[in-house]
Amino acid sequence: MNRMLRSLRFVLAVGCLSTFVPMASAQARPAVDLFAEVEDYVPTRSRELASAGKRLDAAKREDIENEQKDLAAKYAMEVAARKDIAKTDFYYLGRLYAAAGNDVKSLDAMKRFLTQYPPETTGDINN
């Protein structure tokens, strides 16, 4: 029953997200941008509701947080399916999985990220 409710919530959230999330393909966007969108989701949606004159109570905030979690899961699935994933993409994939509540996949992605950098690596990882 709990799994069915989660699936239903995901379907509903994706339907709601289509109203609020830009329709640009997530495949074309860098993983860092997808993660930034997930991180900013709750404050952005809260501001949207407030500017529309809607009250943000605890139940609505929980709904928005669940939408954020579902968005993170969707983006993590899309990033993981990419053929050209490398370097910091694994880091942001791990962060997306963590935001989605999938600790096992988050840890796996972070391990894959760290294997690309030997222990003696120094400096900025973006170079």
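In the predicted model, Val-38 touches Gln-68, Leu-71, Ala-72, Tyr-75, Leu-96 and Ala-99, when residues up to four places away in sequence are not counted. Val-38 also belongs to the largest nonpolar core, a set of 23 residues in which Val-38, Tyr-75, Val-79, Leu-93 and Leu-96 touch the most other members. Two or more residues of this core come from each of H2, helix H3 (58–80), H4 and helix H5 (103–115), and the greatest contribution is that of H2, which supplies 7 residues. In soluble globular proteins, nonpolar side chains tend to be buried together.

The chain as a whole contains 5 helices and 0 strands, so that, by the DSSP runs used to assign elements, the order from the N terminus on reads α-α-α-α-α. Of the 127 residues in the chain, 31% are buried. Among contacts with a separation of 6 or more, 60% are accounted for by residues 24 or more positions apart. The accessible surface of the chain amounts to about 8,300 Å², and carbon and sulfur atoms hold 57% of this area.

Aromatic side chains were examined next. The count of aromatic pairs comes to 4. One of them is formed by Phe-35 and Tyr-92, whose rings are tilted, with 5.8 Å from centre to centre and 40° between the planes. This pair links distant parts of the chain, as Phe-35 is located in helix H2 (residues 31–51) and Tyr-92 in helix H4, 57 residues apart. Phe-35 and Tyr-92 are both buried.

A separation of 8.9 Å is found between the C-alpha atoms of Tyr-91 and Ala-31, residues that lie 60 positions apart along the chain.

Notes:
Residues numbered from 1 in each chain as written. Predicted model: local features only at pLDDT ≥ 70, side-chain atom pairs only at ≥ 80, totals over all residues. Heavy atoms only, no water. Helix = DSSP H or I, 4+ residues; strand = E, 2+ residues; numbered from the N terminus. Buried < 20%, exposed > 50% of the residue type's maximum accessible area, 1.4 Å probe, protein only. Contact = heavy atoms within 4.5 Å. Areas by Shrake-Rupley, 256 points an atom, 1.4 Å probe, with all protein chains shown as cover. Phe/Tyr/Trp six-rings, centres within 6.5 Å; stacked < 30°, edge-to-face > 60°. Core = buried A, V, L, I, M, F, W, Y, C linked by side-chain atoms within 4.5 Å.
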